[in-house]
Amino acid sequence: MAARVSWSPSALGSDPAWRLRVAGDEAISTLRQMALFRADVLPIVPRALAGDDVVVLVHGFFATAGVFRPMRARIERETGAVVASFSHAPGLGVKRIAGQLARLIDRVPHGTRIHLVGHSLGGVVSRWYVQEMGGHARVAQTISLATPFGGARLAERLRVFVGNDLHRASDVLSRIRERAHDYDVPHTSIAGTADHVVTPSDRARFEHGEHLVLEGRGHNGLLFDDTAIDTVVRCILHAREV
């Protein structure tokens with residue numbers, strides 16, 4: 001399982017060569033995300049039986065479930081879990097996307113262990129479903145990558161559409177933070193020190209559960225990072241054991 005980690009700026013951050021490499025890695029990750037944009041647009045609901053592990057992937061803003069293709073392959077190969085996903089339109093608010101998530105999970109047989117993995121906005125949607133829509137009765141755990149539980153920078157200036165749900169003082173985020181401990185659904189949040197969308201120091205931390213900060217990883221880079229995916233795999237296997 002991930003360990004709770006306190007974050008502080010690294011001395012590496014002042015090294016121009018290191019900063020250039022990190023920026024290059026994030027640019028490549030963004031291109032990979034764009035290349036996967038047309039994949040897995042339609043909902044995927046795998047066959048599952050009671051006792052099976054079902055991992056539901058929830059993507060972030062202006063993406064599709066296709067961005068999880070590399071992570072999905074490793075989850076299926078290394079955990080034996082089956083994977084479900086859906087794609088939501090850009091700009092939809094947290095509650096509407098959570099409604100789509102709920103309808104997808106309603107199609108998954110009861111008695112399965114459901115693990116929600118959300119990137120960015122997807123992590124907020126996952127916790128809203130668990131805490132506000134009865135999802136705690138179905139979900140074994142939630143895992144987030146680069147999720148703005150403390151607000152996203154861009155949303156502070158653009159408080160329209162989904163941005164209205166993602167600024168620091170939004171009703172949605174306030175509600176999630178206030179009720180984080182009301183339901184005993186474990187959570188692991190994964191953040192990157194080079195994320196300029198959701199800074200790990202004050203925005204990506206979710207006080208309920210475990211928190212892992214990865215040095216030099218950016219917002220989109222966490223989707224494809226081996227260590228981040230290792231952590232997701234370990235969390236799924238751990239939940240099965242307990």
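How many aromatic pairs does the structure hold? The structure holds three aromatic pairs, where rings of Phe, Tyr and Trp (its six-membered ring) pair if their centres lie within 6.5 Å. This is a predicted model, in which local features need pLDDT of at least 70 and side-chain atom pairs count only at pLDDT 80 or more, while totals for chains, interfaces and linings use all residues. Residues are numbered from 1 along each chain as its sequence is written, and side-chain values use heavy atoms, with hydrogens and water left out.

**Confidence**

- The average pLDDT of the protein is 91, and 92% of the residues score at least 70; pLDDT is the predictor's confidence in each residue, from 0 to 100.
- Over residues 2–9 the pLDDT stays under 50, and the model has 22 contacts for them beyond four places in sequence (contact means heavy atoms within 4.5 Å).
- Where pLDDT is low, the predicted coordinates should not be read in detail.

**Aromatic rings**

- A pair of aromatic rings is described by the distance of the centres and the angle of the planes; planes under 30 degrees apart count as stacked, over 60 as edge-to-face and the rest as tilted.
- Phe-37 and Phe-62 make a tilted pair, with 5.6 Å from centre to centre and 40° between the planes.
- This pair ties together parts that are 25 residues apart in sequence, because Phe-37 lies in the loop between helix 1 (16–35) and strand 1 (53–58) and Phe-62 in the loop between strand 1 and helix 2 (69–79). Helices (H or I, at least four residues) and strands (E, at least two) are DSSP runs, numbered from the N terminus.
- Phe-37 has a relative accessible area of 30%, so it is partly exposed; buried means under 20% relative accessible area, exposed over 50%, and partly exposed in between (1.4 Å probe, protein chains only).
- The pair of Phe-149 and Phe-206 is stacked, because the ring centres are 4.3 Å apart and the planes are at 25°.
- Phe-149 is in the loop between strand 4 (139–145) and helix 5 (153–157), and Phe-206 is in the loop between strand 5 (187–192) and strand 6 (210–214), so this pair links distant parts of the chain, 57 residues apart.
- Both Phe-149 and Phe-206 are buried.
- Phe-37, Phe-61 and Phe-62 are linked into a cluster by ring pairs.
- The charged end of Arg-32 sits over the ring of Phe-224, 4.3 Å from its centre. A charge sits over a ring if NZ of Lys or CZ of Arg is within 6 Å of the ring centre and within 35 degrees of the ring normal.

**Positive phi values**

- Ser-120 is not a glycine, yet its phi is positive, near 55°. Ser-120 is placed in the loop between strand 3 (113–119) and helix 4 (121–132) and is buried, with a relative accessible area of 11%.
- Ala-146, in the loop between strand 4 and helix 5, also has a positive phi near 55°. Ala-146 counts as buried, at 0% relative accessibility.

**Cores and packing**

- A nonpolar core is a set of buried Ala, Val, Leu, Ile, Met, Phe, Trp, Tyr and Cys residues joined through side-chain atoms within 4.5 Å.
- The largest nonpolar core has 35 residues, of which Val-56, Leu-101, Ile-114, Leu-116, Val-125 and Tyr-129 touch the most other members.
- Helix 3 gives the largest share of this core, seven residues.
- A second, separate core has 26 residues, among them Ile-75, Leu-212, Phe-224 and Ile-236.
- In helix 7 (residues 171–178), Val-172, Leu-173, Ser-174 and Ile-176 are buried, and their cover includes helix 3 (94–106), helix 4 and helix 6 (163–166).
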